[in-house]
Amino acid sequence: MVATILCFSGVALFCGCGHVALTGTLTMLENHFSQITTDHATLTIVLIQTMQYVIYGIASFFFVYGIILLAEGFYTTSAVKKELQSQFKTTVCGRCITATFVFLTYILGLAFLGIFGFSAIPVFLFYNMWTTCAAMKSPMANITDPDSICVDVRQYGIIPWNATPGKACGSTLGDICSTSEFYLSFHLYIVACAGAGATLIALLIYMMATTYNYAVLKFMSHGNRRSTKFSEPY
């Protein structure tokens, strides 16, 4: 139950905040870094829209998978209790189903580990931009030429090198950091990254619970076979 609540909460945060943050990022790029539509057409189609469709798929899949794992956990836990009380005998099919869920959850955990790392990339990019703006506004910075401080998003591979203007310097950079798109997208990316981490923790809890149930069922089934063998009359 704890893993299911954590999984649903993490996926909702990751998908909801990530979708809105991607839309805000695209608006910010179009308004300040790539004012010619053809320069960032590939980014819009391949990266932004594809990622949004992937988010839809992740949300739908984990909603169904979380419910299935919750039901499987209740049934398997009940079977373990009855097995310990010698009121129920598990079958090979039931143990195979539990082992299948252990394997699938392990694979999904590895996949979401990669998603968690990937979701930290925009947080890092926005944080660099935010610290640059904060350094310019700081009275301790003593900057004589603010226009020499720039952020070039082309070096991150977000937009091509021929994009116009491709970078923001000085007061223009400060104005970008003051926009609602930047502020909202930055914080939403942080929340989305936290949601991915919560989902990863939920998958680890799922995996530990299903692995424990499978190990107990397998051990008890071997124990029952041995006891049956030794109790046979001569």
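**Before you start**

This is a predicted model, in which local features need pLDDT of at least 70 and side-chain atom pairs count only at pLDDT 80 or more, while totals for chains, interfaces and linings use all residues. Residues are numbered from 1 along each chain as its sequence is written, and side-chain values use heavy atoms, with hydrogens and water left out.

**Stop 1: the whole chain**

Colour by secondary structure. The chain has 5 helices and 2 strands. Here helices (H or I, at least four residues) and strands (E, at least two) are DSSP runs, numbered from the N terminus. Starting at the N terminus, the order is α-α-α-β-β-α-α.

How much of the chain is buried? Of its 234 residues, 39% are buried. Buried means under 20% relative accessible area, exposed means over 50%, and partly exposed lies in between (1.4 Å probe, protein chains only).

A contact means heavy atoms within 4.5 Å. Among contacts between residues at least 6 apart in sequence, 80% join residues at least 24 apart.

**Stop 2: the core**

Select Phe33, Phe62, Phe112, Met129 and Leu173 and show their side chains. In the largest nonpolar core, which has 45 residues, these five touch the most other members. A nonpolar core is a set of buried Ala, Val, Leu, Ile, Met, Phe, Trp, Tyr and Cys residues joined through side-chain atoms within 4.5 Å.

Now select the helices that build this core. At least two of its residues come from each of α1 (2-33), α2 (41-84), α3 (92-137), α4 (170-177) and α5 (180-230). Which helix gives the most? It is α1, with 12 residues.

Stay on Leu173 for a moment. Leaving out residues up to four places away in sequence, Leu173 touches Met129, Thr132, Cys133, Met136, Ile149, Cys150, Val151 and Ala168.

**Stop 3: helix α4**

Select residues 170-177 and look down the helix axis. Gly170, Leu173, Gly174, Ile176 and Cys177 are the buried residues of α4. They line one face of the helix, because they fall within an arc of 160° seen down the axis. That arc is taken from the directions from the helix axis to the C-beta atoms. Ser171 and Asp175 are exposed on the other side of α4.

As background, an α-helix has 3.6 residues a turn, so residues three or four places apart point the same way.

**Stop 4: the cysteines**

Select every cysteine and show the sulfur atoms. How many disulfides are there? The structure holds 2, a disulfide being a pair of cysteine sulfur atoms within 2.5 Å.

- Cys133 and Cys177 are joined, S to S 1.8 Å. This pair links distant parts of the chain, with Cys133 in helix α3 and Cys177 in helix α4, 44 residues apart. Cys133 counts as buried at 3% relative accessibility, and Cys177 counts as buried at 12%.
- Cys150 and Cys169 are joined, S to S 1.9 Å. This pair too links distant parts of the chain: Cys150 is in strand β1 (residues 150-152) and Cys169 in strand β2 (residues 167-169), 19 residues apart. At 32% relative accessibility, Cys150 counts as partly exposed.

With the bonded cysteines numbered in sequence order, the pairing is 1-4, 2-3. Cys7 is in no disulfide, and the nearest cysteine sulfur, that of Cys15, is 9.9 Å away. Cys7 counts as buried, at 1% relative accessibility. For Cys17 the closest cysteine sulfur is in Cys15, at 9.7 Å, too far for a bond.

**Stop 5: a charged pair**

Select Asp152 and Arg154. Their side chains meet in a salt bridge (2.9 Å, N to O). The rule asks for a side-chain nitrogen of Lys or Arg within 4 Å of a carboxyl oxygen of Asp or Glu, and by this rule the count is 1 salt bridge. Are the two residues buried or exposed? Both Asp152 and Arg154 are buried.

**Stop 6: Thr199**

Finally, select Thr199, in helix α5. Thr199 counts as buried, at 0% relative accessibility. A polar atom of its side chain lies 2.9 Å from the backbone oxygen of Gly195. Not counting residues up to four places away in sequence, Thr199 touches Cys7, Gly10, Val11, Phe62 and Phe112.

Key. A polar contact is a pair of N or O atoms within 3.5 Å; within protein, one must be able to donate a hydrogen and the other to accept it, and residues adjacent in sequence count only if both atoms are side-chain atoms.
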